[in-house]
Amino acid sequence: MNNKIKELRRDKKVTQDDLAGAVGVTRQTIISLESGKYNASLQLAYKISKFFDMRIEDVFIFEEE
């Protein structure tokens, strides 16, 4: 699953640490999400989407294989 976290962070001038703290995860989790090595749980996807005031489907892009 792809996502727009990195772009959204840059647009809002938010660091990985800032985002991680706001949604209750580690910076490493944010790094893994941005690089596509980790897929967010529904709960985490919701928190990240709310942080950016967006819908989940606007932040995370699900592509069927």
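**Working chat: helix H2 and the overall fold**

Reader: How many helices and strands are in the protein?
Author: There are five helices and two strands. This is a predicted model.

Reader: What order do the elements run in, from the N terminus on?
Author: They run β-α-α-α-α-α-β.

Reader: On to H2. Which residues are buried there?
Author: Helix H2 spans residues 16-23, and Gln16, Leu19, Ala20 and Val23 are buried in it. They sit on the same side of H2, because they cover an arc of only 100 degrees around the axis.

Reader: What do the buried residues of H2 pack against?
Author: Three helices: H1 (5-12), H3 (27-35) and H4 (42-51).

Reader: What follows H2?
Author: Glycine 24 does, with a positive phi near 80 degrees.

Reader: Switching to the whole chain. What is the radius of gyration?
Author: The protein has 11 Å. That agrees with a compact globule, because 65 residues would give a value near 11 Å. The C-alpha trace spans about 30 × 20 × 20 Å along its principal axes.

Reader: What share of the residues counts as buried?
Author: Of the 65 residues, 32% do.

Reader: And the accessible surface, what does it come to?
Author: About 4,600 Å², with 46% of that belonging to carbon and sulfur atoms.

Reader: Last one, charges. How many positive and negative?
Author: The protein has 11 positive and 11 negative charges, and their mean positions are 6 Å apart.

Conventions
Residues are numbered from 1 along each chain as its sequence is written. This is a predicted model: local features need pLDDT of at least 70, side-chain atom pairs count only at pLDDT 80 or more; totals for chains, interfaces and linings use all residues. Side-chain values use heavy atoms; hydrogens and water are left out. Buried means under 20% relative accessible area, exposed over 50%, partly exposed in between (1.4 Å probe, protein chains only). Helices (H or I, at least four residues) and strands (E, at least two) are DSSP runs, numbered from the N terminus. The arc is that of the directions from the helix axis to the C-beta atoms. Contact means heavy atoms within 4.5 Å. The radius of gyration is taken over C-alpha atoms; the globule rule is 2.2 Å times the number of residues to the power 0.38. Accessible areas come from the Shrake-Rupley method with a 1.4 Å probe; for residues, only the protein chains shown count as cover. Lys and Arg count as positive and Asp and Glu as negative; His and the chain ends are not counted. The place of a charge is taken as NZ of Lys, CZ of Arg, CG of Asp or CD of Glu.
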